Amino acid sequence: PLVMQLALRSISPSLRLSDLESCCTNADHVRKELEVTTWHVVHPYSSVEFPGIVDSRATCTATWFLDTLDEVNSTWAWVKAPLSDAAHLPKLPQLSSPEEVQAVVRGAAPLVAPAGSVWLYSGPVWTSNNVGAASFWKDYDAQTRYKHLSGQKEQSGTFRALTDTQRAAPANDQLCPTVLQATYCREYVAPRSAVLAQIAGLSEAEQGDLQRLGVA
């Protein structure tokens with residue numbers, strides 16, 4: 001109720017639920033298996049074509065942290081979208097060049113929070129859940145080279161054997177935090193999820209019927 005009141009007062013008294021997502025990130029997988037870090041914004045900012053949308057407050061997003069995100073298990077980061085065109089047009093990652101993206105994300109901050117907390121933001125905040133992609137191998141390669149050249153460690157085995165061993169290792173639950181994200185949009189914006197939009201306008205009894213039918 002408190003989150004809804006904040007969203008209603010900060011965005012619009014007629015806002016609608018646009019999307020609801022649950023995301024579990026595996027920090028070990030990100031650091032060993034992924035190659036690049038990507039950045040995203042919520043709908044409708046993620047869906048528009050060039051030049052974008054001239055409204056930096058069309059949405060309100062609430063992110064609940066079901067687990068603690070700390071320096072060890074968090075691969076999340078965020079940065080506020082810079083504004084252009086007389087401070088009305090937010091810059092979006094999918095409509096920016098690689099150079100522009102790099103310039104924006106230099107100011108990104110790691111996302112850390114205790115379990116049970118909630119993060120509220122409005123508009124197209126750039127977020128990433130795969131910061132540190134390939135960092136394990138970069139660090140491993142640098143350390144291995146240093147130890148080999150300094151005579152501290154002899155190289156043994158093949159790189160392929162090492163990668164196979166790392167890939168076969170069981171997942172560490174402590175490195176797999178889960179977040180739940182709900183995005184609300186203004187009344188003139190089409191919600192990302194048509195099912196959620198339909199449910200939002202139904203009575204409690206009608207919502208229950210849909211859930212029993214497996215629609216929701």
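This is a predicted model: local features need pLDDT of at least 70, side-chain atom pairs count only at pLDDT 80 or more; totals for chains, interfaces and linings use all residues.

Trainee: How many aromatic pairs does the structure hold?

Mentor: A pair of aromatic rings is described by the distance of the centres and the angle of the planes. The structure holds two such pairs. In one of them, the ring centres of Trp 78 and Trp 119 are 5.7 Å apart, and the planes meet at 55°, so the pair is tilted. This pair links distant parts of the chain: Trp 78 belongs to strand E3 (residues 77-79) and Trp 119 to strand E7 (residues 118-122), 41 residues apart. In the other, Trp 119 and Tyr 121 have ring centres 4.6 Å apart and planes at 45°, so this pair is tilted as well.

Trainee: Which residues form the aromatic cluster?

Mentor: Trp 78, Trp 119 and Tyr 121 form one cluster.

Trainee: Is Trp 119 buried or exposed?

Mentor: Burial is judged by relative accessible area, with buried meaning under 20%. Trp 119 has 17% relative accessibility and therefore counts as buried. Tyr 121 is buried too. Trp 78, at 30%, counts as partly exposed.

Trainee: Why is strand E9 described as largely enclosed by the rest of the structure?

Mentor: Strand E9 covers residues 178-185, and seven of its eight residues are buried, so the rest of the structure largely encloses it.

Trainee: Which strands pair with E9?

Mentor: Strand E1 (residues 16-24) pairs with E9 in the antiparallel sense over eight bridges. Within that pairing, Ser 22 has Leu 180 of E9 as its bridge partner. Strand E2 (residues 59-65) also runs antiparallel to E9, joined by seven bridges. There, Phe 65 stands opposite Val 179 in E9.

Trainee: What does Thr 183 touch?

Mentor: Thr 183 lies in strand E9 and, at 4% relative accessibility, counts as buried. Leaving aside residues up to four places away in sequence, Thr 183 touches several residues, among them Arg 16, Leu 17, Val 42, His 43 and Thr 61. With Thr 61, the side chain of Thr 183 makes a polar contact of 3.4 Å.

Trainee: Where is Pro 82 placed, and what does Pro 82 touch?

Mentor: Pro 82 sits in the loop between E3 and strand E4 (83-84). At 30% relative accessibility, this proline counts as partly exposed. Not counting residues up to four places away in sequence, Pro 82 touches Leu 89, Pro 90, Lys 91 and Val 104. Pro 82 and Val 104 are 22 residues apart in sequence, while their C-alpha atoms are 7.5 Å apart in space.

Trainee: Which residues does a cis peptide bond join?

Mentor: Most residues other than glycine have a negative phi, and most peptide bonds are trans. A cis bond joins His 43 and Pro 44, with omega about 5°. Another cis bond joins Phe 50 and Pro 51, where omega is about 10°. Pro 44 is found in the loop between helix H2 (27-33) and E2, and Pro 51 is also placed in the loop between H2 and E2.

Trainee: Which residue has a positive phi although it is not a glycine?

Mentor: Ala 134 has a positive phi, about 70°. Ala 134 lies in the loop between strand E8 (126-128) and helix H4 (135-149). At 14% relative accessibility, Ala 134 counts as buried.

Key
Residues are numbered from 1 along each chain as its sequence is written. Side-chain values use heavy atoms; hydrogens and water are left out. Rings of Phe, Tyr and Trp (its six-membered ring) pair if their centres lie within 6.5 Å; planes under 30 degrees apart count as stacked, over 60 as edge-to-face and the rest as tilted. Helices (H or I, at least four residues) and strands (E, at least two) are DSSP runs, numbered from the N terminus. Buried means under 20% relative accessible area, exposed over 50%, partly exposed in between (1.4 Å probe, protein chains only). Two strands pair if DSSP finds at least two bridges between them. Contact means heavy atoms within 4.5 Å. A polar contact is a pair of N or O atoms within 3.5 Å; within protein, one must be able to donate a hydrogen and the other to accept it, and residues adjacent in sequence count only if both atoms are side-chain atoms.
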